[in-house]
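Okay, thanks for making time, everyone.

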Number of protein chains: 2
Amino acid sequence: MGGPAGAGDTSAACGGAAVAPDARTDLSDPFGWLPVAAPAEGGGPRLGRLTTPHGIVDTPAFLPVGTKATVKGVRPETLREVGVQMVLANTYHLALRPGAEVIRDLGGLHAVMGWDGPILTDSGGFQVFSLARLRRLGDEGVTFRNHVDGAEMTLTPESAVAVQNDLGADVIMALDVCPPHPCPRAEVEEAVRLTLAWAERCRAAHQRADQALWGIVQGGVHRDLRQRCAERLLAMDFPGYAIGGVSVGERHEALCQVVGWTAPLLPRDRPRYLMGVGEVRDVVASVGLGVDLFDCVLPTRNGRNGLAFTADGPMRLRNEVWRFDRRPIEEGCDCPACRRFSRGTLRHLFAAEEMLGPVLVSIHNLRFYARLFAGLREAVRAGRFHEESRALLDRYYGNH
Amino acid sequence: MGGPAGAGDTSAACGGAAVAPDARTDLSDPFGWLPVAAPAEGGGPRLGRLTTPHGIVDTPAFLPVGTKATVKGVRPETLREVGVQMVLANTYHLALRPGAEVIRDLGGLHAVMGWDGPILTDSGGFQVFSLARLRRLGDEGVTFRNHVDGAEMTLTPESAVAVQNDLGADVIMALDVCPPHPCPRAEVEEAVRLTLAWAERCRAAHQRADQALWGIVQGGVHRDLRQRCAERLLAMDFPGYAIGGVSVGERHEALCQVVGWTAPLLPRDRPRYLMGVGEVRDVVASVGLGVDLFDCVLPTRNGRNGLAFTADGPMRLRNEVWRFDRRPIEEGCDCPACRRFSRGTLRHLFAAEEMLGPVLVSIHNLRFYARLFAGLREAVRAGRFHEESRALLDRYYGNH
């Protein structure tokens, strides 16, 4: 970690299985998260293993986003090859197209995606609050016009769970209310109230024993609201907890504050998932604060736009400076893009608007994130998280 | 061949090498084409092996098109996996973007494409006559405005060879004049005159010993012009010959007539390449008339548009009828799309405009063509070409 690409990588590297062979998790519980190395209390960095019916995830781990049941442009074999352990899919998008009953009748999300590893779905709530129009929010649920054809739809805790039962992911999320930032305190209070009431109803509605339902802590940037929400959710005894309502426009410092307040409130023996967070500085800091799982569109969205992640910071492959450059994106990187293609070729593919450019840089970026997290896990294991994460961030952000 | 998908396939199947292990070609000549089974004279179906500095091609063979140094959306590892033996790239497009000198300085087409197998480049002439504007054709060459930025450019036999020397394909083509169809006889005569004069100059200009320069027979739908052109080219002793000027709007019967006249005029011991032809009925008939190599955009262009090739004819994957269909495109097909994805998923990916749809159906279609040609080779080997090709066409076109 912090060294050249490829160094410090203890994960399932390219070509290998995504799950390390020395897994020693209790397989009798299909949803256990067992700490491998974790502080007795509080929020320091920790190492663990999440067991699901579709395999084990070494945490901390990063989940690429497969919005519409596909990680854009990347085949599932390639996800495995670059070390992806678990993926996320978006309930809102799938409920619109092709429809949850279509996914169910096609055999569920694992069959549809061609991915037999663990999957997590969100509840759809986040997109209702970010994409849909004309929302009416009430105790019962939320009514909105969808962003595709403008049809009016209603999402309730019960329907959010029913749709996710149809989709069939290993981990599903309770319906929450995710306020924007900034936001008046009264609105955040109301969001917490509804989030808690809905979490209880989701728990009651959840039908499938082969799926784990996790709760989501809201509360904006208010410590007392985060605390109230966490305490009430803990009383409901979810098998996993997410921190929601971050990465909605607040600064890095505010994100760290919220995570620093909330993570230590969550049970030591349950997984902690920070929703929608993927900036390098945010994930590194949050691992340091005791978060286990992350999801974000950044590696694939940036990849499609020709922005590659490297240990020395982002690289814009559309740039003319690469025209005659025979080097790979990152010297020593073992990803399929770096093994075969030069910066010069990638610049040409983006200039010529060739599909292979977005595909290859997405693959590289997924490998970057898998390697980043493998390095973070190794640093936690070695008890060197703070030194190594500092060095990594200094190199990435150029603070030499 | 003619049986279910996957049957009768003796080629390098999925996961295997693209070259059969029992290759017995004389490797002392880097460009030999050796007949394995060929009629003593005339134009019947034949079997052979083309040797190039980047590997051996079992013929008859189909070349996918990598217009801008990429077979659209398909990684080179996948080309190998589905049994592709050799690819074509377009000189005209590459000379415009990124420029031949860029390809040369990046290490040549093999390095740029990430493909270490055989490559063929056309001369650029076909695109000058089909895409460019304001052409002025003369003895010296052809001046035109390119279709990208409208800049005026000149292509001469010497520059067409120089550009292809820079690109570095294993097989390069002489600059020809490709008339449209229909076309006045006087224009076709002039095209033959220039094609012959330019072929001679290309031969004189060709610099690289590690590239084979092949000549192109023109002559439209006129038997005497085809004959004159072929005889004059044979006197120039090219190591391979193409039949050009077909697939420009003439009907299947006219194509068969032209190939039937021309193929028997070409040397028994040299490869014969039918440019730009890929329709199933056209390639099957032309193999029967003694053609060894084909290239066409059909498998990838149709794949991008959601049209899949199957032994029972084309399948439109955007069709609503597939919404709940769990079957693969083709039962028994061993391609990466059919191994993991249902028609239902593919329909969804096209409806949602997800990149993975075009990628997967392109891959399936490339596998279809590789399997089709493996079946044709096996039929020739077994001396059953005419029965089996009849059965295959009846099934594909539904003449049951």
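**Salt bridges and a sheet**

So, Glu152(B) comes out partly exposed, at 44% relative accessible area; buried would be under 20%, exposed over 50%, and partly exposed is in between, with a 1.4 Å probe and protein chains only. Before I go on: this is a predicted model, where local features need pLDDT of at least 70 and side-chain atom pairs 80 or more, while totals for chains, interfaces and linings use all residues. Residues count from 1 along each chain as written, chains are lettered from A and ligands numbered from 1 in written order, and side-chain values use heavy atoms, leaving out hydrogens and water.

Back to Glu152(B): its side chain meets Arg145(B) in a salt bridge, 4.0 Å from N to O. That term needs a Lys or Arg side-chain nitrogen within 4 Å of an Asp or Glu carboxyl oxygen. Arg145(B) is partly exposed too, at 32%.

How many salt bridges are there over all chains? The count is 65. One of them joins Asp139(A) to Arg193(A), with the closest N and O atoms 2.8 Å apart. Those two sit 54 residues apart, Asp139(A) in the loop between E7 and E8 and Arg193(A) in helix H7 of chain A. Helices (H or I, at least four residues) and strands (E, at least two) are DSSP runs, numbered from the N terminus.

Now the sheet: it's open, with 8 parallel strands ordered E4-E14-E13-E12-E11-E10-E6-E5 in chain A. Pairing takes at least two DSSP bridges. At the edges, E4 and E5 of chain A each pair on one side only.
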